[in-house]
Amino acid sequence: MPALLSARNITKVYEDTVALQDVTLDIEQGMTGLLGANGAGKSTLMTLFLGIIQATSGDFQVFGEDGGDPIQAHRLIGYSPEYECLPPNVSAAEFTTHMARVSGLPRTEARSRATDVLRHVGLDEERYRPMGTYSTGMKQRAKLAQAIVHDPQLVLLDEPTAGLDPAGRQEMLELIAQTSSEFGISMLISSHLMGDIERTCERIIVLEAGGVVEQGDVSGYTTDTETLALEFDEGIEAVAASLTNKGIAVTIEGRALLIEEASQDDLDVIRDVIVETGALLHRLAPRTQTLSDIFRRPAP
Amino acid sequence: MNAPVSGQVNGLEQREGEVFDLGYRHYDGPRGGRGKAFMAVYDDGIRSVLGLGRGVAAKMMCGISGLLVLGPAIFIISVAGFMSSFGGETDQIPLPKHEDYYGLTFIILLLFAAIVGPALLSPDKRNSVLPLYAVRPLKSLDYAIARWLAFFTFAMAFTIVPQALLYLSFVLSDDSPWGYIKDNGRDLWAIFAIGLILAAFMTSLALAAASLTSRRAFASAGVIAFVFITAAIGGFGGEILTSDQDRQEHAAGASSSTGNHGDEEVQAPDGDAAHYIHLLILPDTMLAGVSSWTFGDRTHFPVSPWYNAMTIAAVIAGAFGTMVFRYRKFGG
């Protein structure tokens with residue numbers, strides 16, 4: 001199956017700033033995360049794919065077609081920008097219906113789909129209120145609603161959790177993941193928060209200063225490692241001292257004790273030391289690599 | 001997806017309490033292209049002017065403007081009706097005619113265009129809604145022209161409906177309605193022509209101003225300022241040129257023994273510079289000038305009506321062109 005979006009050697013230069021430098025990537029079906037710090041080029045890449053801006057050089061394809069005339073592709077694409085884009089004096093019902101109609105849906109279908117989609121995103125009760133009165137979380141949901149109201153195949157969400165507290169972020173990510181998995185809508189989500197991408201996406205593209213530094217399956221970056229991690233509620237220092245005395249090298253990282261390549265004999269020693277010192281063990285498991293580790297790796 | 005609430009009660013299937021959980025569903029129906037998207041933006045423009053789905057203030061603005069532009073027509077019709085019901089001759093009272101009507105309502109039409117017109121473009125820019133249009137099957141110009149047409153529809157209604165009502169009342173109050181239509185058939189064409197020109201003029205000015213700023217208030221002020229500043233230039237420029245010519249003619253008269261200006265009012269001849277600069281007084285050019293073109297010689301304007309028509313056409317083209325240039329594409 002061809003990639004939904006593909007970029008080949010895309011460069012975008014704004015006067016004296018290089019926003020994207022020789023970017024080559026494919027966006028496949030499913031959930032893809034676009035990770036990068038502010039200014040890494042995430043929004044530029046999205047707006048290039050959408051045909052809102054033009055690349056300085058390079059080629060890109062949308063649904064396997066050259067991205068020159070995006071009108072056809074736009075019927076099957078949804079987009080929610082990073083910034084606020086909702087008219088404050090218009091109700092969500094009015095606006096979502098309008099956006100469905102601009103996407104080409106007939107009037108009655110647009111109205112009923114707007115109602116259904118607003119219910120889906122949890123804005124059932126508030127849909128007749130002017131959107132200027134919404135909280136940040138409700139605005140993010142209304143933005144998602146207008147992006148999916150025409151039942152697109154692919155949705156590009158630029159920082160969909162921006163401005164939300166941890167609980168709000170979690171809810172929003174669950175809603176996005178559920179929408180994607182239950183209804184088969186592929187999503188490209190940008191975020192500067194690794195946790196967001198790690199929790200929801202199957203694939204990841206890491207952008208840094210306008211270039212792709214990593215891309216692949218998220219599971220490939222979060223496999224178990226050879227490091228054993230022991231988390232303690234208390235008594236970590238005593239265990240560390242005792243293990244060092246017995247010749248086992250340890251590192252303390254917060255509440256966790258890390259032991260590289262522990263053998264079966266080492267595990268027996270560790271068990272005995274924990275019993276002897278009476279330390280309160282919270283968790284013992286092979287350490288799972290996180291996406292954060294990608295950023296901790298020393299530059300080649 | 002549906003979830004019956006109570007299933008079977010006493011062995012009978014109960015369907016009344018069935019709740020349909022209509023969350024997200026796939027859509028397999030027709031998907032229109034640019035034409036449908038264009039019409040959707042046009043319809044939304046109409047709803048925006050009417051204030052539908054918006055606050056009370058937006059609804060009131062359109063309603064009040066509509067009443068104000070219809071007001072004089074209703075007044076004239078009422079007076080004429082009142083007079084004829086008492087057997088009076090309506091010809092004896094100087095009731096405004098078609099060619100006078102826009103003189104009464106021009107300022108209301110201008111204010112309506114200045115206040116409501118920019119609402120069709122400026123807020124979308126100010127609230128960053130344009131990128132959402134940019135990712136739909138629509139080109140930037142489709143969006144701008146659909147908005148222009150939406151406002152133009154109201155401008156046409158506001159210019160033509162009162163005049164049409166007036167015409168109807170003249171027809172009905174005449175002793176021979178059919179005779180009135182035969183004698184004044186040209187008025188219908190003139191009402192439509194000047195309505196079209198005036199509506200295009202108002203719409204283009206309002207939307208050009210709105211295309212230049214994301215703030216509605218600035219756009220409103222811009223429309224009014226444009227009309228008044230050009231009028232001021234036209235007025236003062238005309239005064240200066242006329243008095244220059246006046247001085248020159250007096251000087252010429254003093255040096256010539258046959259000078260006979262005497263008590264005659266000094267009148268610049270048709271086609272001189274003062275009259276051309278007077279064209280900048282757009283309300284005059286629009287109303288008296290274009291009226292003289294559409295309503296024939298019943299109104300008087302010193303230069304050929306073609307100059308008026310060309311001035312108004314240049315303003316409409318310039319304003320429309322400004323909007324088109326500003327909306328040639330959505331992004332950078």
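1. What share of the contacts in chain B with a separation of 6 or more comes from residues 24 or more positions apart? The share is 75%. Keep in mind that this is a predicted model. Chain B has 332 residues, and 44% of them are buried. Its secondary structure amounts to 12 helices and four strands.

2. Aromatic pairs come next. Searching the whole structure over all chains gives 10 of them. One of these joins Phe112(B) and Phe151(B). The ring centres are 5.2 Å apart and the planes meet at 25°. Planes under 30 degrees apart count as stacked, so this pair is stacked. The two residues sit 39 residues apart in chain B. Phe112(B) belongs to helix 3, residues 98-116, and Phe151(B) to helix 6, residues 140-173. Phe112(B) and Phe151(B) are both buried.

3. Phe112(B) has another ring partner, Phe158(B). Here the centre-to-centre distance is 4.5 Å and the angle between the planes is 40°. That pair is tilted. It again connects helix 3 of chain B with helix 6 of chain B, this time across 46 residues. Phe158(B) is buried, as is Phe112(B). Taken together, ring pairs tie Phe112(B), Phe151(B) and Phe158(B) into a cluster.

4. Arg328(B) lies over the face of Phe325(B), 4.1 Å from the ring centre. Arg113(A) does likewise with Tyr24(B), at 5.1 Å from the ring centre. The latter contact runs from chain A to chain B.

5. How much area is buried between chain A and chain B? The figure is about 3700 Å². Carbon and sulfur atoms give 54% of that area. On the chain A side, 47 residues are in contact with 36 residues of chain B. Four salt bridges are counted between the two chains. In a salt bridge between chain A and chain B, the side chains of Arg101(A) and Asp43(B) meet at 2.9 Å, N to O.

6. Now the open sheet of chain A. Four strands make it up, in the order 2-1-4-5, with antiparallel pairing. Which strands lie at the edges? They are strand 2 (17-27) and strand 5 (65-66) of chain A, and each pairs on one side only. Strand 1, residues 5-14, pairs with strand 2 of chain A over seven bridges, in the antiparallel sense. Within strand 2 of chain A, Leu25(A) is the residue opposite Ala7(A).

7. Strand 6 of chain A covers residues 77-80.

8. Four bridges join it to strand 7 of chain A, residues 154-158. These two strands run parallel.

Key:
Residues are numbered from 1 along each chain as its sequence is written. Chains are lettered from A and ligands numbered from 1 in the order in which they are written. This is a predicted model: local features need pLDDT of at least 70, side-chain atom pairs count only at pLDDT 80 or more; totals for chains, interfaces and linings use all residues. Side-chain values use heavy atoms; hydrogens and water are left out. Rings of Phe, Tyr and Trp (its six-membered ring) pair if their centres lie within 6.5 Å; planes under 30 degrees apart count as stacked, over 60 as edge-to-face and the rest as tilted. Buried means under 20% relative accessible area, exposed over 50%, partly exposed in between (1.4 Å probe, protein chains only). A charge sits over a ring if NZ of Lys or CZ of Arg is within 6 Å of the ring centre and within 35 degrees of the ring normal. Two strands pair if DSSP finds at least two bridges between them. Contact means heavy atoms within 4.5 Å. Buried area is the accessible area (1.4 Å probe) that two parts lose on being put together, summed over both.
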